[in-house]
Amino acid sequence: MKKTNSIIFIIIIAGVLLSCKQNKIKKSFKFPFDIGNEWTYKRTQELKNVSPNHDSITNTHDTTIVYEVKVILNKYINEETGEETIQVESILEDQYGVTRFYEYYLHTDQGLYLSSTAHSACIDYIYLFPHGLSKYFGTNIYNSEKNKLVSVDKFTLQYPLEIGSTWTCDRTNDELIKEVVSKEEIIFGSEKYECFKINYNNIEDPGSTATEYISNLGLMKRDIYIPNINISNKAVGDYYETFELIDYDLK
């Protein structure tokens, strides 16, 4: 009987270990930035502690928006320069229709470079890797502008990723510094994934914070907080955002 109980106990323990299998990051880690890869995220955006500038302003208030964002990597060739890049297409579909947001990256042995982007000045910013906080997230939540193509040169992710490594996103200044501060585990499905934890240090807006977690699957999660943003010149409020992976398809 004791032998039977021991076997049953071993089977149970093995089942628990298998259900919580840990996926460790490889030493030669590179973000899975390959054409055809797809991720789906739950994006939660919140304005809290909104304070109108005047008693007569009634259309600014605390706001929470939750929706899904699908991110797809496409091949793209610049018609003017002939340069081949990877297009990051982020697709948001809600009751107002479909919004597409585009970024264009170079994936090199040194890391990921954002070469250009098409964006608007509203809450629909969907950067896979933000390269500024106050400029690109502390924006107009209620009104929008038409998309426009903007050329940029941002070093958004440096290789090799290792604890203690830091880099600036802009080659000409140190407005935003990113730092790998630790490795942490995130549970996705029934498995644990070892992640690089990266903190953003925004020199121009030191009250803002952003932390993201990157594993072999890609971006697992990102949390952003920006205090006292200007809302349409009508009010101020605190901005919170969470980006959480809910599905993926890696080729």
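Mentor: Keep in mind that this is a predicted model. In it, the count of salt bridges comes to 10.

Trainee: What lets two side chains form such a pair?

Mentor: Here is the general idea: side chains of opposite charge can pair when their charged atoms come close. One case here is Glu194 with Lys24, whose side chains meet at 3.9 Å, N to O.

Trainee: Are Glu194 and Lys24 buried or exposed?

Mentor: We go by relative accessibility, where under 20% is buried and over 50% is exposed. Glu194 has 13%, so Glu194 counts as buried. Lys24 has 51%, so Lys24 counts as exposed.

Trainee: Which residue does Glu212 meet in a salt bridge?

Mentor: The partner of Glu212 is Arg222, at 3.1 Å from N to O. Because Glu212 sits in strand β11 (residues 209-215) and Arg222 in strand β12 (residues 218-231), the pair links parts that are 10 residues apart in sequence. Glu212 is buried, with a relative accessible area of 0%, and Arg222 is buried too, at 1%.

Trainee: What about Lys221?

Mentor: Lys221 forms a salt bridge with Asp223, and their closest N and O atoms are 3.8 Å apart. Lys221 is partly exposed at 27% relative accessibility, and Asp223 is partly exposed at 27%.

Trainee: Now for strands. How many bridges join β3 to β4?

Mentor: For pairing, we look for at least two bridges between two strands. Strand β3 (residues 63-77) runs antiparallel to β4, with nine bridges joining them. Val69 stands opposite Leu92 in β4. The two strands form a hairpin with six residues between them, and Gly82 in the turn has a positive phi of about 80 degrees.

Trainee: Which strand pairs with β4 over nine bridges in residues 97-107?

Mentor: That is β5, again in the antiparallel sense. Asp94 stands opposite Gly97 in β5, and this hairpin has two residues between its strands. As for β4 itself (residues 84-94), eight of its 11 residues are buried.

Trainee: Last one: where is Ser165 found?

Mentor: Look in the loop between β7 (148-158) and β8 (166-168). Ser165 counts as buried because its relative accessibility is 11%. Its side chain reaches the backbone oxygen of Glu162 at 2.8 Å. Beyond its neighbours within four places in sequence, Ser165 is in contact with Gln158, Pro160, Lys178, Glu179 and Val180.

Methods
Residues numbered from 1 in each chain as written. Predicted model: local features only at pLDDT ≥ 70, side-chain atom pairs only at ≥ 80, totals over all residues. Heavy atoms only, no water. Helix = DSSP H or I, 4+ residues; strand = E, 2+ residues; numbered from the N terminus. Buried < 20%, exposed > 50% of the residue type's maximum accessible area, 1.4 Å probe, protein only. Polar contact = N/O pair within 3.5 Å; in protein donor to acceptor, adjacent residues only side chain to side chain. Contact = heavy atoms within 4.5 Å. Salt bridge = Lys/Arg side-chain N within 4 Å of Asp/Glu carboxyl O.
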